[in-house]
Amino acid sequence: MPDNIKKILIRGTNWIGDAVLTLPAIRSIRSSSPDAHISLLVKPWVSDVFQNNPDINEIILYDDSYAGLSGKLKLAAELRRRNFDTAILLQNAFDGALLARFAGIPRRTGYKRDGRGFLLTQAIPVSKDILSQHQVYYYLNLLKAIGMKTTETHPYMFLTDDERQWARNLIRSELHKGMSRHAAIRPLIGINPGATYGSAKRWLPERYAEVIRRIIIELNSSVMIFGSASEKEIADEILTHIDAPYHSFILNMAGKTTIRELASLIAECNAFITNDSGPMHIASALFVPVVGIFGSTDKTVTGPFGEGHRMISSDIPCSPCMKRECPEGHLQCMSDITADEVFSALKEVLPANKAVFLDRDGTVIEDKNYLNSFDNLVVFPDSKESLRKLRDAGFKLIGITNQSGIARGIIKESFVTELHAHLKKELGIDDFFYCPHLPDEHCPCRKPEAMLALKAKLLHSVNPEFSYMIGDKELDVQLAYKIGATGILLSPSQPSDTRASYVARDLTDAVQWILGRA
């Protein structure tokens, strides 16, 4: 890609799940062109996926006012006035290429398909190999083919603290009303029984009902049912198969949420059971463990991205057929999947561990302002014994640290890797996660953004409600809030504006406080 790109138009996809899966590609476009103005052209119903995303400067809604030929010409004229020099078409349709051509955008990139190759200046062939990989790589491959550097990135949705608090308040008021705090700490399982693509992707309502009963009775858990307005009937049918006394443990939100509200509520779930659908990919982008039920679609290509999930499908010759409705008329790919299989998979992914997330510099070792040599390493005297006590109490120990010195050229990434291996061995820390980026890159992995902690939570099966975050900066406390853990601030004085549940003098004090609550 040329270095002089100033204004980029990205044509986004039209389905919610696909939109989520384009997020790593959009992140790569921003990383490759950090100073460019990036506009995203999308249909209104998927625009919520991209709200608060720092990689996008502007969202342009492709709404009904641009319907028909006259509408397309109107939109093309508006795009022309914006003087885009590059269009990257993540959507496959002919329409997107035609709009970019009518808008006079000189550089137009997209896959050569749907008869639109002649409209593109860079028409990338679609290989069978890329179609057999996860769909995240389909979008990243397009960028690689035009010489853009890509980094494999997990899809990530940016939620605000206000959105998280709204979801927690709703759950507390509707599911946990009248309960003590201890009683209210029940696992919350999300259920998504719909699928917009067609009935061939929907597991049976009575099977969902059977799983919900077992969740409530055997796991002592609460349930939240999700779905669009058109899927409300499916949720209502499920409830008819469940005895009324259990309804108090179920919150039916089908047809009652925006996409942002849906995402905020899913983020509070301990696990998510779903058909292949947009909400499944939202859950994956929020690092909520997923049990995905697949019938007509290919779990390898469109399954939840990343580790820590379980995908269930039946082994019959006609699946996956990729059809909206069952062409055989029996829907055996779904009816063969039992409630026992789904419930067993749920128990496998349900978070079972408690953890203490640890900042590194200023918490377990002295802050040397870009530590880049073992010669300058000083481990705090109380770190080893304090962390041993946490391990003995059953806590996983997970380091989360910002290391912008890597991007600044002050610290070698190989040194960070060696240092973390040393600290894991000497202090018994289970894992380390670090962000190598600069603050102005606004990446999802830099504290206080939650991506690294959420990734650690998923990989180590951590329940944040029983977990803590210890750090010497307010951003560590902010991170704890985002993931639903208890934040502890290390500070010699009592700050007046902290969100911390406890302000500790040092690590020893913090650990004593944690153990006193266990």
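The buried residues of helix H20 pack against helix H7 (161–174), strand S13 (354–358), strand S14 (395–402), helix H19 (451–459), strand S16 (468–471) and strand S17 (486–490). Here a contact means heavy atoms within 4.5 Å, and buried means under 20% relative accessible area, with over 50% called exposed and the range in between partly exposed (1.4 Å probe, protein chains only). Helices (H or I, at least four residues) and strands (E, at least two) are DSSP runs, numbered from the N terminus.

This is a predicted model, in which local features need pLDDT of at least 70 and side-chain atom pairs count only at pLDDT 80 or more, while totals for chains, interfaces and linings use all residues. Residues are numbered from 1 along each chain as its sequence is written, and side-chain values use heavy atoms, with hydrogens and water left out.

H20 covers residues 474–483, and seven of its 10 residues are buried. These are Asp476, Val477, Leu479, Ala480, Tyr481, Lys482 and Ile483. Just after the helix, Gly484 has a positive phi of about 85°.

Tyr481 also takes part in a contact of charge and ring: Arg499 lies over its face. A charge sits over a ring if NZ of Lys or CZ of Arg is within 6 Å of the ring centre and within 35 degrees of the ring normal. The table gives two such cases.

| Charged residue | Ring | Distance to ring centre |
|---|---|---|
| Lys43 | Tyr62 | 3.9 Å |
| Arg499 | Tyr481 | 3.9 Å |

Rings also pair with each other. Rings of Phe, Tyr and Trp (its six-membered ring) pair if their centres lie within 6.5 Å; planes under 30 degrees apart count as stacked, over 60 as edge-to-face and the rest as tilted. The whole structure holds 12 aromatic pairs. In one of them, the ring centres of Phe226 and Phe272 are 5.8 Å apart and the planes stand at 50°, so the pair is tilted. Phe226 is in the loop between strand S8 (222–225) and helix H10 (232–240), and Phe272 is in strand S10 (residues 271–275), 46 residues apart. Phe226 counts as buried because its relative accessibility is 1%; for Phe272, which is also buried, the value is 0%. Elsewhere, Phe395, Tyr468, Tyr502 and Trp513 form one aromatic cluster.

The protein chain as a whole has 21 helices and 18 strands. Of its 518 residues, 55% count as buried. Its C-alpha trace spans about 70 × 60 × 45 Å along the principal axes.
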